[in-house]
Amino acid sequence: MKIIIVGATGTMGQHLVSVLEKEHQVIRVASQGGDIQADITSTASIENMFKQAGEFDALISTAGPTFVGPWKKLDDTAFRSGVEGKMMGQINLVLIGQHYINPKGSFTLITGALTEEPQRNFANASAANGAVEGFVRGAAIELENGIRINAVSPTVIENSPQYFPYFPGEIPTTMAELEFAFRKSIFGAQTGQIIKTW
C-alpha cells in the first residue's frame, strides 16, 4: 500500500513510519523535513501536498497543533490555533484528500482522551478533538467508493514524558498500543469509529 503519514517527524509519526515502511510505501509529510513539506492550516499547502504525493491508499494524521495553557489565557486568537490546526487541518486533509485517494482507501485522524477526560490547560484540545470525532462519524456515512474513515484516540503516550504531569493518574498509551490502533483503522473493516487506547 501507499500510505501518507502527516506529522511524520513527530513522536507518534516517527514510530508509525518506522514500523509501516517495512511493509509498505510510506510518504512522510511534515511542516519541516520529511519527503513533502506541508502546513495543514493552509488548504493550498494541503492541495499541493496531495499533488506531489499522487494517488494513495491510506492517510494517517498524527498532526494538529492546539493551545496548551491556563483557561485565563484562552481567548479567541488562542482558541483558533486549535480550530485551524487540529480541527480544520485534519478535516481538510479529508475534504481535499477524497479527490486523490484510491477506492477502498482509508483516512485515520488523531484525537485523544481529552475529548471525554478533560485535564487542566487543555480546553482547546478537548474542543478540537470533539469536533474531529463528530466529523469522522458524519463523513463515514457519505464517503463513496468504499473509502473508510476513523480516528485513533490515545491518552498521553509513553514516549512523551514531558506531558505526564498534565495527566495525573493516567496510564500512558504504549507505542505498541498506538501502532495497533492505527493498524486496525488502516487494514480493518471499521469506519466511523473512534479507536481508543485508554
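## Terms and model

A residue is called buried when its relative accessible area is under 20%, exposed when that area is over 50%, and partly exposed in between, using a 1.4 Å probe and protein chains only. The structure is a predicted model, in which local features need pLDDT of at least 70 and side-chain atom pairs count only at pLDDT 80 or more, while totals for chains, interfaces and linings use all residues. Residues are numbered from 1 along each chain as its sequence is written, and side-chain values use heavy atoms, with hydrogens and water left out. Helices (H or I, at least four residues) and strands (E, at least two) are DSSP runs, numbered from the N terminus.

## Helix H1 and its surroundings

Helix H1 covers residues 11-20 and packs against helix H5, residues 175-187, at an angle of about 65°, with the two axes 10 Å apart. Axes here are lines fitted to C-alpha atoms, for helices over the stretch in contact, and angles run from 0 to 180 degrees between N-to-C directions. H1 and H5 are therefore roughly perpendicular to each other, a term used for angles of 65 to 115 degrees, whereas angles under 35 count as roughly parallel, over 145 as roughly antiparallel and the rest as oblique. On the side of H1, the contact (heavy atoms within 4.5 Å) is made by Thr11, Met12, His15, Leu16, Val19 and Leu20, and on the side of H5 by Met175, Leu178, Glu179, Phe182, Arg183, Ile186 and Phe187. These contact residues divide into 9 nonpolar, 2 polar and 2 charged.

How many of the 10 residues of H1 are buried? The number is 7, so H1 is largely enclosed by the rest of the structure. The buried residues are Met12, Gly13, His15, Leu16, Val17, Val19 and Leu20, and what covers them includes H5 together with strands E1 (2-6), E2 (25-30), E4 (56-61) and E5 (101-110).

## Salt bridges

A salt bridge is counted when a side-chain nitrogen of Lys or Arg lies within 4 Å of a carboxyl oxygen of Asp or Glu, and by this rule the count comes to 5. One of them joins the side chains of Arg183 and Glu23, at 3.0 Å from N to O. This pair links distant parts of the chain, since Arg183 belongs to helix H5 and Glu23 to the loop between H1 and E2, 160 residues apart. Arg183 is buried, with a relative accessible area of 16%, while Glu23 is partly exposed at 46%. Glu23, Glu179 and Arg183 are linked in a network of salt bridges.

Another salt bridge connects Lys196 with Glu116, whose closest N and O atoms are 2.9 Å apart. Lys196 lies in strand E7 (residues 194-196) and Glu116 in the loop between E5 and helix H4 (123-140), so the pair ties together parts that are 80 residues apart in sequence. The side chains of Arg28 and Asp35 also meet in a salt bridge, at 3.0 Å from N to O; Arg28 is partly exposed at 32% relative accessibility, and Asp35 is partly exposed at 42%.

## Two residues with positive phi

Most residues other than glycine have a negative phi. Asn121, in the loop between E5 and H4, has a positive phi near 80°, and at 24% relative accessibility this residue counts as partly exposed. Asn145, found in the loop between H4 and strand E6 (148-153), has a positive phi near 60°, and at 56% relative accessibility Asn145 counts as exposed.

Terms used: Ala, Val, Leu, Ile, Met, Phe, Trp, Tyr, Cys and Pro count as nonpolar, Asp, Glu, Lys and Arg as charged, and the others, Gly among them, as polar.
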